[in-house]
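Me: I am new to this structure. Can you walk me through how to read it?

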Amino acid sequence: MCGITISKSDRIIYRRFAFVMAYHLSSAPVRFRFAAGLGLLVPRRRLSYVLGIETSCDDTGIAIVDTDGRVHSNVLYSQQEFHTRYGGIIPPRAQDLHRARIEDAYNRCLVEADLRPEQLTAIAVTNRPGLPLSLLVGLRFARHLARKLQKPLLPVHHMEAHALQARMENISAISFPFLCLLISGGHCQLALVRGPGRLTLLGQTLDDAPGEAFDKIARRLRLYVLPQYRAWNGGQAIEHAAQSAVCPDAYDFPLPLAQQRNCNFSFAGIKNNSFRAIRARERLEQTPPDGIISNYSDFCAGLLQAVSRHLMHRTQRALEYCLRTENGLFGDASPTLVVSGGVANNDVIYRNIEHLAGQYNCRSYRPFKRYCSDNGVMIAWHGIEQLLANSAKHLRFDYHNIDIQGSAGFKDSSVEDVTRSAIKCKWIKPLDHLRGRATAEAGHCDA
Ligand code: KG4
Ligand code: ZN
């Protein structure tokens with residue numbers, strides 16, 4: 001809002017909102033004095049409703065969430081099936097589909113919530129990072145609504161929204177600061193989260209994101225020829241296929257960045273190695289062009305194990321970095337780890353990370369599965385977090401100054417310090433895929 005002129009009517013709305021938030025956030029006795037001072041008898045707490053709009057990639061999500069974290073409506077139009085058919089996201093087509101569905105999603109959202117537009121307090125919208133053509137649809141729609149309804153906008157960083165989502169479901173248990181592992185189709189990041197807009201990057205992928213690797217490997221494996229996986233994303237299909245594995249050690253996968261004592265990630269090696277292994281197996285089995293290798297389940301289980309191991313190593317180092325007495329990054333808060341983003345849906349990966357955190361007496365959480373992947377709820381909740389942190393600072397009436405950003409990092413970075421610390425860890429082993437026990441106890445299986 002710095003240096004921006006706002007009209008008189010905006011100022012009135014703005015002041016009124018600051019009052020509502022101050023009232024909402026105050027303790028009960030203060031609230032009573034507030035009300036009494038105005039000669040009002042206010043029987044119960046006022047709730048504020050925030051509309052969240054998400055169009056950063058291939059999901060059109062619109063939701064309404066209140067300041068207590070209650071979801072009043074959640075409309076999600078996925079483009080998954082369309083893009084799977086064409087082997088990947090085509091940005092102009094994604095934009096067309098967002099355009100075609102956004103108004104309907106908004107109307108449905110209001111009907112489901114049984115609210116009138118005037119009852120909304122603010123409109124939160126993803127403006128960064130993401131596919132520019134997709135982000136534009138959400139932002140333009142949000143601007144149009146904000147002007148029409150004379151409501152403030154709350155621009156939202158998509159990855160921050162993933163990071164904060166678990167708090168909506170568990171705000172008393174997950175206090176700031178906490179460590180967050182963000183694993184999605186476009187990102188892989190470790191960050192210390194101190195509040196909305198206050199994330200410090202500890203490490204990130206140098207190439208592919210894990211979801212991206214899963215999607216490409218699932219496609220190369222041709223899991224889509226199996227009817228049950230036709231409409232699923234790659235990660236989901238790989239997780240399901242892995243459940244039928246009988247020999248999860250049948251394939252070898254590399255351990256990326258083993259020599260680099262930092263918290264960065266790399267998935268390109270695992271991906272390329274996968275392509276080579278699939279090709280070799282296809283040759284061996286003379287798999288037809290529309291066929292699939294016979295032991296694809298074993299392959300998927302091995303892949304999940306390799307990805308888990310890499311994620312565990314980098315997260316373990318980040319945990320040790322945060323827990324070091326000279327860093328003491330958790331402060332007085334009990335060590336907490338949140339895993340979020342589409343790949344956090346994966347039970348094998350989450351259980352492994354949970355197991356790792358447990359070895360450090362660190363509590364771990366992930367959002368409800370329906371909120372791990374992209375959705376409008378997480379955007380609305382991030383809007384609420386902004387209001388809870390400091391409502392006056394975040395509300396934006398200067399609509400025309402808000403723009404999209406295709407790529408956007410976090411406020412701070414400690415990546416160099418993490419690298420300098422070069423922490424050596426005694427690795428915690430992943431759980432055994434078949435039996436849910438530590439791998440040291442696993443039996444042998446001939447490929
Ligand atoms: O967070 P998200 O919905 O979108 C981005 O911001 O990228 O994540 C989508 C990614 C996809 O790449 C998909 O393959 C992956 O999440 N994913 C999974 C699972 N469900 C979705 N990966 C592994 N296991 C799953 N069950
Ligand atoms: Zn996402």
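Reply: We take the ligand site, then a strand. Keep in mind that this is a predicted model.

Me: Which residues are the closest to ligand 1?

Reply: Start with the shell, the residues within 4 Å. Here 20 residues surround ligand 1. The closest are Gly185, Asp215, Glu239, Gly342 and Asn346.

Me: How do the residues of that shell divide into nonpolar, polar and charged?

Reply: Sort them by type. The shell around ligand 1 has 14 polar, 4 charged and 2 nonpolar residues.

Me: Which polar atoms lie within reach of the ligand?

Reply: Look for N or O pairs within 3.5 Å. The side chain of Asn346 has an N or O atom 3.0 Å from a nitrogen atom of ligand 1. Asn233 places a polar side-chain atom 3.3 Å from a ligand oxygen atom. Asp374 uses its backbone: an N or O atom there is 3.0 Å from an oxygen atom of ligand 1.

Me: How much of ligand 1 does the protein bury?

Reply: Compare the ligand alone with the ligand in place. Alone, ligand 1 exposes 560 Å², and the protein buries 90% of that.

Me: Which element gives the most to the shell?

Reply: α7 does, with 4 residues. Elements giving two or more are α6 (158–169), α7 (210–221) and α8 (234–242).

Me: Now the strand. Is β1 buried or exposed?

Reply: Count residues under 20% relative accessible area. In β1 (residues 49–54), 6 of 6 are buried. Tyr49, Leu51 and Ile53 cover one side, with Val50, Gly52 and Glu54 on the other.

Me: Which strands are joined to β1?

Reply: Follow the bridges. β2 (residues 59–66) runs antiparallel to β1, with 6 bridges. Gly52 stands opposite Ala63 there. β4 (residues 120–128) runs parallel to β1, with 5 bridges. Ile53 has Val125 as its partner in β4.

Conventions
Residues are numbered from 1 along each chain as its sequence is written. Chains are lettered from A and ligands numbered from 1 in the order in which they are written. This is a predicted model: local features need pLDDT of at least 70, side-chain atom pairs count only at pLDDT 80 or more; totals for chains, interfaces and linings use all residues. Side-chain values use heavy atoms; hydrogens and water are left out. A polar contact is a pair of N or O atoms within 3.5 Å; within protein, one must be able to donate a hydrogen and the other to accept it, and residues adjacent in sequence count only if both atoms are side-chain atoms. Accessible areas come from the Shrake-Rupley method with a 1.4 Å probe; for residues, only the protein chains shown count as cover. Ala, Val, Leu, Ile, Met, Phe, Trp, Tyr, Cys and Pro count as nonpolar, Asp, Glu, Lys and Arg as charged, and the others, Gly among them, as polar. Buried means under 20% relative accessible area, exposed over 50%, partly exposed in between (1.4 Å probe, protein chains only). Two strands pair if DSSP finds at least two bridges between them.
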